[in-house]
Amino acid sequence: MENLSRRSLMAALAGTGLIVGVSRPAAAFTEQTGDARLEALRDNACGGSTNHRQLVDEVERVLGDKYSADQKRAVIATMTCPICGCPLGAF
């Protein structure tokens, strides 16, 4: 058997690790859509639909007549509820 250099050994081990790493799917994060239970939990967290509508109304009041309805919708679409983090663009 030949003497293996440290460099050859490390290259062989790295190649083996690459093959093992590629052969199985990644199991990090998965994206899930909201179901009825999740929506109910969010609604209970901050009173959801009622409080969200009040926040949207307040933003529209603060923006006043200086902005068009499309501009107001664009601003509201970027906002989230400070309590539960739900987007306010849907209200």
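Visitor: Which residues make up the largest nonpolar core?

Guide: A nonpolar core is a set of buried Ala, Val, Leu, Ile, Met, Phe, Trp, Tyr and Cys residues joined through side-chain atoms within 4.5 Å. Here the largest one has six residues: Val56, Val59, Leu63, Ile76, Cys81 and Leu88. Helix α3 (residues 48-63) gives the most to this core, three residues. Helices are DSSP runs of H or I with at least four residues, numbered from the N terminus. This is a predicted model: local features need pLDDT of at least 70, side-chain atom pairs count only at pLDDT 80 or more, and totals for chains, interfaces and linings use all residues. Residues are numbered from 1 along each chain as its sequence is written, and side-chain values use heavy atoms, with hydrogens and water left out.

Visitor: What is Leu88 in contact with, leaving aside neighbours within four places in sequence?

Guide: Contact means heavy atoms within 4.5 Å. On that basis Leu88 meets His52, Leu55, Val56, Ile76, Met79, Thr80 and Cys81.

Visitor: Is Lys72 buried or exposed?

Guide: Buried means under 20% relative accessible area, exposed over 50%, and partly exposed in between (1.4 Å probe, protein chains only). Lys72, in helix α4 (residues 69-77), has 17% and is therefore buried. Beyond residues up to four places away in sequence, Lys72 touches Glu60, Leu63, Gly64 and Tyr67. A polar atom of the Lys72 side chain lies 2.8 Å from the backbone oxygen of Gly64.

Visitor: Where is Leu13 found, and is this residue buried or exposed?

Guide: Leu13 is in helix α1 (residues 6-22). With a relative accessible area of 51%, Leu13 is exposed.

Methods
Helices (H or I, at least four residues) and strands (E, at least two) are DSSP runs, numbered from the N terminus. A polar contact is a pair of N or O atoms within 3.5 Å; within protein, one must be able to donate a hydrogen and the other to accept it, and residues adjacent in sequence count only if both atoms are side-chain atoms.
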